[in-house]
Amino acid sequence: MLSPADDRNADEIAYWNGPGGRRWLERQQWQDALLAPVAEILLDRAAPRAGEVVLDIGCGCGATSFALAQRVVPNGRVLGIDVSEPLLARARQLAPPALPVEFVLSDATAYPFESARADLACSRFGVMFFADPARSFTNIRRGLRGGARLAFACWRQPRENPWLMVPLQQAYRHVPRLPEIGPEDPGPFSFADPHRVRRVLALAGFETIDLEPIDLTFDLSNGQGLDAAVDAAMGIGPASRALDGQPPALRAAAAESIRAALAQHQVGNAVSLSAALWLVTAASPSEGER
Ligand SMILES: C[S@@+](CC[C@H](N)C(=O)[O-])C[C@H]1O[C@@H](n2cnc3c(N)ncnc32)[C@H](O)[C@@H]1O
């Protein structure tokens, strides 16, 4: 267990240091290419400026941390925080030498951020895995100065994200279903409900909370055709969780079903399915109100 960390995050911490982290690393380049449009929108809405101090929450292999750091030079800096040792090791490896970016292995729920220092906290899909998100966001807000901004991307409902759900439904024809989880339990869809996002952020003391729906189309193949799309679909999201550790024969059968379903979305070398996310922005109260 990391120190400091919220004990209730132990399962997610184990997951991101275990199978989840391993799969993310294997597919890091592909995922960064797939999720590049999200980074672009996030940066646009977060609007980092030269000289700012920025927190990148659940920074993974650092793609967004590097992009943020490029915007805050010369006098700003970025702190990327993540619970996954292997993902942070990759981030440190990939960090361009002159960029003002630093990584810390810790739980964002409990990390002692320098008080009231940062101008901006950002995250690309790194904030949906907290057991007690109000507590986590309260801790993050303590690290922000009065009037600082928060901007993050999180997934909308599963039914609005066929790029994740089509492979999962096909996998379920061959392997056991994942344990049922509640809509507020930690996981990729835990912030799908906009009322919950508003409630959590308000409880954590944020103001001017806004959720912008963003609809995208992801080419699962990255232009590499159906085989690449099947490989990708089996390596990310809930389908990868369901297929993890399953016998090779069942994985092969699932791959065939996923292939047949994805073939219906193939045009040329592209295999495109829709994705839906919230781009959430909020502000930390200004000095007098804190
Ligand atoms: C879906 S990945 C996104 C990674 C990265 N932001 C990206 O876009 O490539 C979620 C990340 O959140 C991290 N994470 C999960 N719980 C966390 C916590 N309590 N504190 C900090 N990071 C956490 C995971 O280790 C993982 O790297």
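## Cys61 and its surroundings

Cys61 sits in the loop that links strand S1 (53-57) to helix H5. The model is predicted. Cys61 counts as buried, because 28 C-beta neighbours lie inside 10 Å and the cut-off for burial is 20 or more.

Leaving aside residues up to four places away in sequence, Cys61 touches Gln28, Leu87, Arg90, Ala91 and Leu94. Trp30 is 31 residues from Cys61 in sequence. In space, the C-alpha atoms of Cys61 and Trp30 are 12 Å apart.

## Strands S1 and S2

S1 pairs with S2 in the parallel sense. Five bridges join S1 and S2. Val54 stands opposite Val78 in S2.

S2 is mostly covered. Of its six residues, five are buried.

## The shell around the ligand

The ligand is surrounded by 23 residues. The closest are Trp16, Gly58, Gly60, Ser84 and Arg124.

What is the make-up of the shell by residue class? It divides into 12 nonpolar, seven polar and four charged residues.

## Helices H2 and H6

Two packed helices are described by the angle between their axes and the distance between the axes. Here the pair is helix H2 (residues 19-26) and helix H6 (residues 85-94). The angle is about 30°, and the axes are 8 Å apart. Angles under 35 degrees count as roughly parallel, so H2 and H6 are roughly parallel to each other.

H2 brings Gly21, Trp24 and Leu25 to the contact. H6 brings Pro86, Leu87 and Arg90. By class, the contact of H2 with H6 has four nonpolar residues, one polar and one charged. Two of the H6 residues named here, Leu87 and Arg90, are also among the residues that Cys61 touches.

## Strand S8 and its partners

Strand S8 (residues 270-283) pairs with strand S5 (residues 144-155) in the antiparallel sense. Seven bridges join S5 and S8. Ala153 stands opposite Leu279 in S8.

S8 also pairs with strand S6 (residues 207-219), again in the antiparallel sense. This pairing has 11 bridges. Asp210 stands opposite Thr281 in S8. Strand S7 (residues 266-267) is another antiparallel partner of S8, joined by two bridges. Val267 stands opposite Ala270 in S8. S7 and S8 form a hairpin with two residues between them. In the turn, Gly268 has a positive phi of about 65°.

Gln157 is in the loop between S5 and helix H8 (162-171). Is Gln157 buried or exposed? Gln157 is exposed, because 12 other C-beta atoms lie within 10 Å and the cut-off for exposure is 12 or fewer.

Gln157 touches Phe189 and Ala192, not counting residues up to four places away in sequence. Gln157 and Ala276 are 119 residues apart in sequence. Their C-alpha atoms are 7.7 Å apart in space.

Technical notes: Residues are numbered from 1 along each chain as its sequence is written. This is a predicted model: local features need pLDDT of at least 70, side-chain atom pairs count only at pLDDT 80 or more; totals for chains, interfaces and linings use all residues. Two strands pair if DSSP finds at least two bridges between them. Helices (H or I, at least four residues) and strands (E, at least two) are DSSP runs, numbered from the N terminus. A residue is near a molecule or strand if its C-beta atom, placed from the backbone, lies within 6 Å of it. Ala, Val, Leu, Ile, Met, Phe, Trp, Tyr, Cys and Pro count as nonpolar, Asp, Glu, Lys and Arg as charged, and the others, Gly among them, as polar. Axes are lines fitted to C-alpha atoms, for helices over the stretch in contact, and angles run from 0 to 180 degrees between N-to-C directions. Angles under 35 degrees count as roughly parallel, over 145 as roughly antiparallel, 65 to 115 as roughly perpendicular and the rest as oblique. Two residues are in contact if their C-beta atoms, placed from the backbone, lie within 7 Å.
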